[in-house]
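Try each task before reading its solution.

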Amino acid sequence: MSGLESLYQELILDHAKNRRGFGLADPGAHSATVHQRNPICGDEITLRVSVEGDRITSVTWEGAGCSISQASASMLVALLQEDGGDEGMPRADAEALIAQFREALRSRGKIPLDEETFADAAALSGVSKYTARVKCAMLAWVALEEGLRQA
């Protein structure tokens, strides 16, 4: 295993153990709660997104499953918090990130996730080489996408 792969594995394990955004916040006036399940492996997530105007103000979640699904949800929340700052990330920016993430994960390793854009979530680039694990990594991102449609 290369040094970079080892670092990525450590990031995934750190996020799986120290889950950012874990624990559902109280629903607000403009929030949506979405439940997603991966029937192949049993991963589950319930994600709550709150929006004000065109900005995402909060994303919290609860779930159970493999390290990849748990880390991916944590990395998604961390990314939204870091890039959105105190005002929250614009909905359009989050939707663009979801589309780019999906494209990279479906590329079978041909499109890596950019570290400047995806921060720690770039560590999930290697998952795209394992088609059975792509759904694990996508679970939280699909839940957010559905939540944004509903909110």
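**Exercise 1.** In this predicted model, work out how β1 and β2 pair, and over how many bridges.

*Solution.* Start with strand β2, which covers residues 44-52. Its pairing with β1 is antiparallel and runs over 7 bridges. For one of the residue pairs, look at Ala-32: its bridge partner in β2 is Val-49.

**Exercise 2.** Find the helices that pack on the sheet, and give their directions relative to its strands.

*Solution.* Take helix α2 (residues 67-84): it packs on the sheet and touches β2, β3 (55-64) and β4. The direction of α2 makes about 165° with that of β3. Next comes helix α5 (residues 131-150), which also packs on the sheet, with β1, β2 and β3 as the strands it touches. Between the directions of α5 and β1 the angle is about 145°.

**Exercise 3.** Write down the strand order of the open sheet, then explain why one side of β1 and of β4 lacks a neighbour.

*Solution.* The 4 strands are ordered β1-β2-β3-β4, with antiparallel pairing. β1 (31-37) and β4 (89-90) stand at the edges and have a single partner strand each, so one side of each has no neighbour in the sheet.

**Exercise 4.** Decide how many disulfides the structure holds, and check Cys-41 and Cys-66.

*Solution.* The count is 0. A disulfide needs sulfur atoms within 2.5 Å. For Cys-41, the nearest cysteine sulfur belongs to Cys-136 and is 3.7 Å away, so Cys-41 is in no disulfide. Cys-41 is partly exposed, at 41% relative accessibility. For Cys-66, the nearest cysteine sulfur is again that of Cys-136, 3.8 Å away, and Cys-66 is in no disulfide either. Cys-66 is buried, because its relative accessible area is 16% and the cut-off is under 20%.

Note on methods
Residues are numbered from 1 along each chain as its sequence is written. This is a predicted model: local features need pLDDT of at least 70, side-chain atom pairs count only at pLDDT 80 or more; totals for chains, interfaces and linings use all residues. Side-chain values use heavy atoms; hydrogens and water are left out. Two strands pair if DSSP finds at least two bridges between them. Helices (H or I, at least four residues) and strands (E, at least two) are DSSP runs, numbered from the N terminus. Contact means heavy atoms within 4.5 Å. Axes are lines fitted to C-alpha atoms, for helices over the stretch in contact, and angles run from 0 to 180 degrees between N-to-C directions. Buried means under 20% relative accessible area, exposed over 50%, partly exposed in between (1.4 Å probe, protein chains only).
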